[in-house]
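Thank you all for making time this morning.

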Amino acid sequence: AGARQVMKWLLGPAAPDPEVETMTHLMVGAAMEAALVCATADDPQQAARELSSALGRMLRGLAGGARA
């Protein structure tokens with residue numbers, strides 16, 4: 001429920017529920033893939049920093065695009 005609420009906020013109140021659901025699944029999938037990459041990386045801390053930065057850019061892009 002928390003991820004869906006975040007996505008609803010990012011996309012804005014006018015976003016239709018099916019779009020919110022789809023984008024939530026994609027966001028959770030990206031976070032899970034990032035965790036797998038970190039778990040198998042030679043340098044997990046570096047991988048976590050890089051992936052955290054990339055995920056942050058992705059979410060900021062969603063927020064900016066939805067609110068533009």
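Predicted model: local features only at pLDDT ≥ 70, side-chain atom pairs only at ≥ 80, totals over all residues.

Let me begin with E21, which counts as partly exposed at 32% relative accessibility, where partly exposed is the range between buried, under 20% relative accessible area, and exposed, over 50%, with a 1.4 Å probe and protein chains only. The side chains of E21 and R4 meet in a salt bridge, at 2.3 Å from N to O, and by salt bridge I mean a side-chain nitrogen of Lys or Arg within 4 Å of a carboxyl oxygen of Asp or Glu.

Residues are numbered from 1 along each chain as its sequence is written, and side-chain values use heavy atoms, with hydrogens and water left out.

Confidence here is pLDDT, the predictor's own score for each residue from 0 to 100. The protein averages 90, and 94% of the residues score at least 70; by element, the mean is lowest in α3, at 86, and highest in α2, at 95.

Now the overall layout. The protein has three helices and zero strands, taking helices (H or I, at least four residues) and strands (E, at least two) as DSSP runs numbered from the N terminus. The C-alpha trace spans about 45 × 20 × 15 Å along its principal axes, and of the 68 residues, 21% count as buried.

Helix α2 has 24 residues and reaches 35 Å from its first C-alpha to its last, close to the 34 Å expected at 1.5 Å a residue, that expectation being 1.5 Å times one less than the number of residues. The buried residues of α2 are V20, T24, M27, A34 and C38.

Let me return to the charged residues. How many salt bridges are there by this rule? The count comes to two. Besides the pair with E21, R4 forms a salt bridge with D17, with the closest N and O atoms 2.9 Å apart. R4 lies in helix α1 and D17 in helix α2, so this pair ties together parts that are 13 residues apart in sequence. R4, D17 and E21 are thus linked in a network of salt bridges, and as for their accessibility, R4 is partly exposed at 27%, while D17 is partly exposed at 45%.

What does T24 touch, leaving aside residues up to four places away in sequence? T24 touches A3, R4 and M7, contact meaning heavy atoms within 4.5 Å. T24 itself is in helix α2 and is buried, with a relative accessible area of 10%.

Finally, the nonpolar core, defined as a set of buried Ala, Val, Leu, Ile, Met, Phe, Trp, Tyr and Cys residues joined through side-chain atoms within 4.5 Å. The largest one has eight residues in all, namely M7, L10, L11, A15, V20, M27, L62 and A63. The elements giving two or more residues to this core are α1 (2-11), α2 (17-40) and α3 (44-67), and α1 supplies the largest share, three residues. One of the core members, A15, touches K8 and V20, again not counting residues up to four places away in sequence.
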